[in-house]
Amino acid sequence: MKGGHPKKTLAPTTDGLRQAISARTDMSITPRQEKIIKLKESVELTQEYTNEIIGELNVTNEELTITRDYADAIIRTVRGPLLVLNKDLRIISANEAFYNAFKVAPNDTENRLLYDLGNRQWNIPKLRILLEEILPEKNTIEDFVVEHDFKDIGQKTMLLNARTLQQGPDKTSLILLAIEDITVRQQLEQQKDEFVSIASHELKTPITSVKAYTQILGRRFRKANDMKSVELVEKMDSQLDKLTDLIGDLLDVTKIEAGRIQFHESHFDFNDLVEETVEELQRTTEKHHIEQELQPSRTVYGDHDRLGQVLINFLTNAIKYSPHADKIIVSTAVDKDNVTLSVQDFGVGLSKEDQAKVFERFYRVGGSDQSTYPGLGLGLFIASDIIKRHKGRVWVESIKAKGSTFCFSLPMTK
Ligand SMILES: Nc1ncnc2c1ncn2[C@@H]1O[C@H](COP(=O)(O)OP(=O)(O)OP(=O)(O)O)[C@@H](O)[C@H]1O
Ligand SMILES: [Mg+2]
């Protein structure tokens, strides 16, 4: 046993007892007396054990206090609001940040039911679903956005992270609920998106007129048989197209963020779309040959131009990120539920970590071999949003330095 606790022996020592009995009777000890002595010895031993156990319990208690203080210190130090709830959603403790952010006092908070706080201001339907239905099933919840109009602090957007903990021998559950106020951050994001949206929109008009002038100039130079100038003007024109595409991408992203991207849906032949797009892209590259391996066509329902945009994106990436290859394969696969399109290249490829991130907004692979390729990191983000809005799936398979296959599948129209 741990700890050097002094043995507190409360019973008189048996040696003393023996002497006392001998002295009193002045004869040898009888069996009855022997029994009493044995009993006394047992009592003494039990007492010793009890003392040791009490000592041990004291140590465990100390350890418990240390652990609790430690956890308390962590909760108090966390900068964002944090609540500890029991499984009935009663508040066990809250940190300073919570009291400050939500303008409530500890007395009105601890031991209260979460939903009863501050005149039932926390009785938020989305939060109830989160804590009562999702959390018990999953045990952790990450980055769940809740918006709510609080009486004292106004409209707030909160990012919630929650986790259940099983505590003690009877495994009672505790819930840790971290609440991040992202209202200001969200407003700034929105302002930025609005700015990008207005700026891109304003840029479109002058570019359209510059493009019209280059075409007039082109015709004039051609008439005057000044072929050198025709070539320069054509280069200008193609750079203007690139600029228009970039602005288009920026506009699309702001529309996606604001949930304003619009689709014009119709029934169309999927292979026709693939063939048209491949033909268009084949004209932009001399080095690469785009091979087509298409299964018999199907009619799909969706936005023809937007789905074409996804394919253009996959193909321009395949061309851009395989500078030393000369082949790209576009294939389709059809089953009764889905049509799947794949664009395979034999280029720089992607690591597993990058594969998980390339569909994020502004994500571009870092490193010296990648930094030479121009782009904003928006193409795949837009593509994945378009496919998701068509209730489809988008993914990539790739091996670094061997090549990548970007795919999407769309549900077939019944
Ligand atoms: N076929 C590919 N092979 C290797 N890496 C790729 C491929 N396609 C995309 N990537 C990587 O994914 C990143 C994101 O692609 P995305 O198309 O979104 O942006 P981008 O091509 O950089 O710019 P843009 O906005 O002009 O499309 C790229 O920067 C590149 O690092
Ligand atoms: Mg791209």
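Helix 9 and helix 11 pack at an angle of about 145 degrees, with their axes 9 Å apart. Axes are lines fitted to C-alpha atoms over the stretch in contact, and angles run from 0 to 180 degrees between N-to-C directions. Helices are DSSP runs (H or I, at least four residues), as are strands (E, at least two), numbered from the N terminus. The crossing is left-handed (the near helix is turned anticlockwise from the far one by less than a right angle).

This is a predicted model: local features need pLDDT of at least 70, side-chain atom pairs count only at pLDDT 80 or more, and totals for chains, interfaces and linings use all residues. Residues are numbered from 1 along each chain as its sequence is written, and chains are lettered from A and ligands numbered from 1 in the order in which they are written.

Ligand 1 is surrounded by 23 residues, the closest being Asn 317, Val 365, Gly 375, Gly 379 and Leu 380 (C-beta within 6 Å of the ligand). Helix 9 and helix 11 each supply at least two shell residues.

| Helix 9 with helix 11 | 6 residues | 4 residues | 1 residue |

Ala, Val, Leu, Ile, Met, Phe, Trp, Tyr, Cys and Pro count as nonpolar, Asp, Glu, Lys and Arg as charged, and the others, Gly among them, as polar.
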